[in-house]
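Q: Please take a close look at the part of this model around the ligand. Walk me through the residues there.

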Amino acid sequence: MERNEQTADDCLPPQIKLNSEVLEYLKTESLNFPKSIESDRDRCEKEICRILSLLPIPPLFTVVRVNTLQQDPESLLALLKEQLIDNHRKRAVQLAEPFFHPLMPDVVIIPNAGPVQSIERREDQIVVDHMCGMSVLRGSEVFVQGIIGAPLDMTRGDIVSLYVDMEGSCLRGQTQPLKGEKIFLGNGVALVSRNQIFRDSSPDHVLSGVGVSVTNALYSAPRLDNLTSDLIFAQNLPSAVCSYVLNPQPNDTVLDMCAAPGGKTTHIATLMRNKGRLVAIDRTKLKVERLTSLVSCWGLTCVEVYTFDSTKSLQDSAEATKGPPYPPGTFDRILLDAPCSALGQRPSCCNKMGLSWLKSFPMYQRKLLRQAVGLLKVGGTLVYSTCTITLAENEEQVAWVLATFPQLVLTAQEPHIGDTGLVGSSLSPEHLKLVHRFKPDVSGDSKDAFNRDTIGFFIAKFIKVENVK
Ligand SMILES: C[S@@+](CC[C@H](N)C(=O)[O-])C[C@H]1O[C@@H](n2cnc3c(N)ncnc32)[C@H](O)[C@@H]1O
């Protein structure tokens with residue numbers, strides 16, 4: 001089989017590919033906020049461009065949370081190590097030892113590896129969609145559903161090179177190597193033939209499972225898909241921080257307003273030691289079904305799950321109710337992990353979102369925030385979070401909350417292991433220090449590089465000091 005040299009044009013792109021209007025908007029976003037000053041606007045543009053350039057690179061750490069209600073953390077770490085050794089032996093990959101996060105006793109950090117510079121390109125190419133490609137960069141196998149192109153004569157056992165289609169130009173079932181822009185992911189062994197993937201398309205023969213086993217990856221990360229799912233949950237580091245910042249206590253009454261798929265719900269319930277009441281709401285029925293299974297799989301009996309629109313979760317009357325909507329002042333703590341433009345996700349090589357969709361998020365988040373403020377008890381805690389990088393959904397949203405609800409006070413967070421807020425919005429320098437931004441940084445060999453080499457994420461914490469007038 002012919003072997004090709006590595007070419008520069010199939011490497012990870014120098015920054016995420018965005019709609020041109022969105023890119024321009026992100027770079028100049030602080031011009032929208034009259035209180036921002038010129039030097040801050042320059043700093044903001046530079047910082048946004050820096051972050052955009054890191055989005056295609058996968059974080060060099062995988063993070064999992066362990067179910068400390070079922071077993072003690074040390075024996076869970078031992079179990080995790082055993083499962084990882086087994087996984088790695090099958091792939092001949094050597095990764096460094098997992099270890100506990102120094103400040104979060106149920107969070108395990110597993111170092112990844114890469115990029116490997118010298119992988120030979122094979123003539124036989126498999127083309128996968130963006131979602132599948134980004135999962136492979138984070139250690140996943142190639143599942144059949146993600147494959148869109150394969151050589152005509154591909155049979156089980158063939159060694160193939162794996163590519164992501166960057167332009168969406170590959171037709172399903174395409175046989176020829178991709179002409180348009182593509183990204184090389186590594187090599188693997190086909191576990192199915194081309195015919196099995198594309199010919200047998202009758203509804204009673206939908207092929208699923210692993211289509212290509214990745215043997216030589218550009219980035220190596222632990223394969224988590226076959227780990228014990230009632231004991232271990234893969235999560236981005238800032239998401240785990242979010243639940244610690246909320247600081248739920250046993251016997252609290254807590255609301256998780258946008259809860260699916262349930263990473264933070266399971267964490268909050270675990271931190272409550274499964275005692276008290278945690279109401280988990282999501283608008284989408286299918287997601288709620290999966291969330292219900294996850295909650296039951298983790299043995300969490302303190303969680304009530306509802307399919308409901310949280311923009312309507314506050315009722316006028318004080319009459320107590322079992323399910324949503326709820327009377328004012330029902331909850332001790334509320335997490336609003338808001339639906340957002342998700343531009344902090346890593347790795348991400350392209351995003352086709354249009355400008356009007358991007359601009360629709362802040363108003364929607366404000367509807368949810370209004371409900372949250374009403375539902376919170378005096379003395380209660382509200383945590384607002386997003387996995388995006390825009391000012392409008394993060395710092396500017398906090399400025400709006402403080403101007404609109406004088407009964408809320410912005411509060412320091414524990415732990416605060418990420419960065420402070422991004423300049424360029426209407427938020428004051430004092431308040432910028434209180435909010436928590438994870439601004440991806442891949443430069444570090446330092447001991448705590450795992451705290452910075454993360455997705456882009458934002459957390460703000462408020463305390464309600466008096467009732468809404
Ligand atoms: C960022 S995700 C939440 C992730 C979740 N907190 C976790 O940690 O696994 C946002 C969620 O908000 C839900 N959502 C969007 N609008 C909603 C609404 N009006 N009411 C309830 N849920 C909503 C979406 O279905 C989505 O699952």
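A: Start with the residue classes. Ala, Val, Leu, Ile, Met, Phe, Trp, Tyr, Cys and Pro count as nonpolar, Asp, Glu, Lys and Arg as charged, and the others, Gly among them, as polar. By that scheme, the shell around the ligand holds 9 nonpolar, 5 polar and 6 charged residues.

A word on the model. It is predicted: local features need pLDDT of at least 70, side-chain atom pairs count only at pLDDT 80 or more, and totals for chains, interfaces and linings use all residues. Residues are numbered from 1 along each chain as its sequence is written, and side-chain values use heavy atoms, with hydrogens and water left out.

Now the shell itself. The ligand is surrounded by 20 residues, where a residue is near a molecule if one of its heavy atoms lies within 4 Å of it. The closest are Asp282, Asp309, Ser310, Asp337 and Tyr364.

Next, the polar contacts (pairs of N or O atoms within 3.5 Å). In the side chain of Asp282, an N or O atom is 2.7 Å from an oxygen atom of the ligand. Gly262 uses its backbone: an N or O atom there lies 3.0 Å from a ligand oxygen atom. For Gly263, a backbone N or O atom also lies 3.0 Å from an oxygen atom of the ligand. On its own, the ligand has 600 Å² of accessible area, and the protein covers 89% of this. Such areas come from the Shrake-Rupley method with a 1.4 Å probe.

The UniProt record (unreviewed entry) places a "binding site" feature at residues including Gly262, Gly263, Lys264 and Asp282. Such annotations may be inferred rather than shown by experiment.

Look at Gly262 again. It sits in the loop between strand E14 (253-256) and helix H7 (263-271). Helices (H or I, at least four residues) and strands (E, at least two) are DSSP runs, numbered from the N terminus. Gly262 has a relative accessible area of 0%, so it is buried; the cut-off for buried is under 20%, with a 1.4 Å probe and protein chains only. Leaving aside neighbours within four places in sequence, Gly262 is in contact with Leu291 and Leu294. Contact means heavy atoms within 4.5 Å.

Finish with Lys264. This residue belongs to helix H7. Lys264 counts as buried because its relative accessible area is 10%. Beyond four places in sequence, its contacts include Asp256, Leu335 and Phe457. Asp337 also touches Lys264, and Asp337 is one of the residues closest to the ligand.

Note on methods: Polar contact = N/O pair within 3.5 Å; in protein donor to acceptor, adjacent residues only side chain to side chain. Buried < 20%, exposed > 50% of the residue type's maximum accessible area, 1.4 Å probe, protein only.
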